[in-house]
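Here are a few notes to read alongside the structure. Take the points one at a time, and find each element in the 3D view as you go.

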Amino acid sequence: MTQTVYLVLADDLADWEYGHVAAQVNLQQFQVRPGRYEIRTVGLTLEPIRTLGGVRMLPDVALGDVSLDDAAMLVMPGGDGWESGSLAAFGKLARRFREAGKPVAAICGATVALAAEGLLDDVAHTSNFLEGLGSYGGAALYRDERVVRDGGVITAGGASALEWAREILAELEALSPATLQAWYEFNRDDTAEAFGKLVASVQE
């Protein structure tokens with residue numbers, strides 16, 4: 001059965017933060033089990049949103065219609081709006097995922113919604129900076145690292161989209177460990193040697 005990775009869309013979405021995730025979940029050539037996952041976008045409503053880069057995007061489903069039955073993960077890119085509380089409904093959606101034992105991933109401002117819902121109170125996590133998460137119960141578990149994956153919760157700062165994608169793919173077990181490491185090294189280093197390692201990893 002194909003499982004759905006839900007990708008949150010909201011106005012002023014940070015365009016640079018979700019690209020690696022969406023592409024590698026949707027592309028098949030490097031995956032352990034092609035066809036296991038599909039990306040579906042979720043908005044507060046079905047109305048189009050406009051990203052920080054000015055791109056108009058149309059959600060596949062409205063927040064109220066998200067089904068957890070076939071859900072594999074909730075992916076929450078950052079952008080403007082999270083600190084204002086106007087996107088708090090996505091934090092409540094993340095709580096539904098966690099209560100159902102499903103992983104969630106948030107980067108940049110979207111981590112604020114997880115903190116506000118108490119979803120960072122008992123897992124190690126990171127963000128852009130600790131003070132940006134406001135007053136919450138998990139401050140002692142904050143880590144000043146590019147990305148943190150703990151207990152089904154993946155968090156990162158806004159400049160760490162590649163590392164965030166790596167941990168999301170690891171949580172989903174979408175790529176073999178060897179292919180995932182080679183994929184990361186290729187995107188990080190952009191060398192012929194790294195590309196050769198990536199190709200070889202899927203031929204073994």
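1. Let's begin with a pair of helices in this predicted model. The crossing of α5 and α6 is left-handed. On the α5 side, the residues in contact are A178, T179, A182, W183, E185 and F186, and on the α6 side they are A194, F195, K197, L198 and S201. Sorted by class, the residues of this contact come out as seven nonpolar, two polar and two charged.

2. How do the axes of these two helices run? Helix α5 covers residues 177–189 and helix α6 covers residues 192–201; their axes come within 8 Å and cross at roughly 160 degrees. Since angles over 145 degrees count as roughly antiparallel, that makes α5 roughly antiparallel to α6.

3. Now look at α5 together with α4. Here the axes come within 11 Å, with a crossing angle of roughly 170 degrees. The two helices are therefore roughly antiparallel to each other, and their crossing is right-handed. From α4, the residues L162, E163, A165, R166, L169 and A170 meet L180, W183, Y184, N187 and R188 of α5. This contact has seven nonpolar, one polar and three charged residues.

4. Helix α4 (residues 161–172) has another partner to look at, helix α1 (residues 19–26): their axes come within 8 Å and cross at roughly 35 degrees. The crossing of α1 with α4 is right-handed. H20, V21, Q24 and V25 are the α1 residues of the contact, while α4 supplies L162, W164, A165, I168, L169 and L172. How many of the contact residues are nonpolar, polar or charged? Eight are nonpolar, two are polar and none is charged.

5. Next, the sheet. As background, strands of a sheet pair through backbone hydrogen bonds, either parallel or antiparallel. In this model seven strands make an open sheet with mixed pairing, and their order is β5-β2-β1-β6-β7-β9-β8. Which strands are at the edges? They are β5 (61–62) and β8 (147–150), each of which pairs on one side only.

6. Strand β7 (residues 104–107) and strand β9 (residues 153–156) run parallel and are joined by four bridges. If you want a place to look, find I107, which stands opposite A156 in β9.

7. A helix also lies on these strands. Helix α2 (residues 88–99) lies across β1 (3–8), β2 (37–43), β6 (71–76), β7 and β9. Its direction is at about 150 degrees to β6.

8. Finally, a word on charges. Side chains of opposite charge can pair when their charged atoms come close. The count for this model is nine salt bridges. One to find is between E99 and R95, whose closest N and O atoms are 3.7 Å apart. Why are E99 and R95 separated by about one helical turn? Because they are four residues apart in helix α2.

Conventions: Residues are numbered from 1 along each chain as its sequence is written. This is a predicted model: local features need pLDDT of at least 70, side-chain atom pairs count only at pLDDT 80 or more; totals for chains, interfaces and linings use all residues. Side-chain values use heavy atoms; hydrogens and water are left out. Axes are lines fitted to C-alpha atoms, for helices over the stretch in contact, and angles run from 0 to 180 degrees between N-to-C directions. Angles under 35 degrees count as roughly parallel, over 145 as roughly antiparallel, 65 to 115 as roughly perpendicular and the rest as oblique. A crossing is left-handed if the near helix is turned anticlockwise from the far one by less than a right angle, and right-handed if clockwise. Contact means heavy atoms within 4.5 Å. Ala, Val, Leu, Ile, Met, Phe, Trp, Tyr, Cys and Pro count as nonpolar, Asp, Glu, Lys and Arg as charged, and the others, Gly among them, as polar. Two strands pair if DSSP finds at least two bridges between them. A salt bridge is a side-chain nitrogen of Lys or Arg within 4 Å of a carboxyl oxygen of Asp or Glu.
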